[in-house]
Amino acid sequence: MDGRKGLFRSFSPAVSDKALKRMGEVVRSWRLHRWVQGEARDLADWINPVVRGWMQYYGAYTRSALYPLLKRINAYVVRWLRGKYRRLRRSWSATFRAWWSGVDRHPRLLAHWVWVTEPARVW
């Protein structure tokens, strides 16, 4: 025994639940799935600085804590694809073929694709 008394307290440098919730609110406020007038490059130019900043600040130590948020952004991008391109509205398989071909062709289009490429399973 080393003489300590009481509960052991540890420090985790991961993103806090409060900060993660706030980032989710920001992503939701973007309403990506409703923004169909621009192209993929415009979308990337709009969200990349913010997402890159979150990744650098909150992901410096425990990047896996950000994965659910980044997957959620991908889910919004999938919804954006389906809203922008009518042919993708008919089938999910066509949507995901378009998704993965886009990820393969332009792997650095969105900043968070460096860490997470698959979308979340929320629609």
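Colleague: Against which helices do the buried residues of H3 pack?

Modeller: This is a predicted model, in which local features need pLDDT of at least 70 and side-chain atom pairs count only at pLDDT 80 or more, while totals for chains, interfaces and linings use all residues. Residues are numbered from 1 along each chain as its sequence is written, and side-chain values use heavy atoms, with hydrogens and water left out. Helices (H or I, at least four residues) are DSSP runs numbered from the N terminus, and contact means heavy atoms within 4.5 Å. Here the buried residues of H3 pack against helix H1 (17-30), H2 and H4.

Colleague: Which residues of H3 are buried?

Modeller: Buried means under 20% relative accessible area, exposed over 50%, and partly exposed in between (1.4 Å probe, protein chains only). Among the buried residues of H3 are Leu 69, Ile 73, Ala 75, Trp 80 and Lys 84. Ala 75 counts as buried because its relative accessibility is 4%. The C-alpha atom of Ala 75 is separated by 9.8 Å from that of Leu 32, 43 residues apart along the chain.

Colleague: What lines the largest pocket?

Modeller: On a 1 Å grid over the protein atoms alone, a pocket is an open set of points where a 1.4 Å probe fits, with protein on both sides within 12 Å along at least five of seven lines; lining residues have an atom within 4 Å of a point. In this model 19 residues line the largest pocket, and Ala 40, Leu 81, Tyr 85, Ala 98 and Gly 102 lie nearest its centre. H4 gives the most to this lining, with six residues.

Colleague: How is a pair of aromatic rings described?

Modeller: A pair of aromatic rings is described by the distance of the centres and the angle of the planes. Rings of Phe, Tyr and Trp (its six-membered ring) pair if their centres lie within 6.5 Å; planes under 30 degrees apart count as stacked, over 60 as edge-to-face and the rest as tilted. The count by this rule is seven aromatic pairs. One of them, Trp 30 with Trp 46, is tilted, at 6.1 Å centre to centre and 45 degrees between the planes. This pair links distant parts of the chain, with Trp 30 in helix H1 and Trp 46 in helix H2, 16 residues apart.

Colleague: Is Trp 46 buried or partly exposed?

Modeller: Trp 46 is partly exposed, because its relative accessible area is 34%, whereas Trp 30 is buried at 14%. Ring pairs join Trp 30, Trp 35, Trp 46 and Trp 54 into a cluster.

Methods:
Helices (H or I, at least four residues) and strands (E, at least two) are DSSP runs, numbered from the N terminus.
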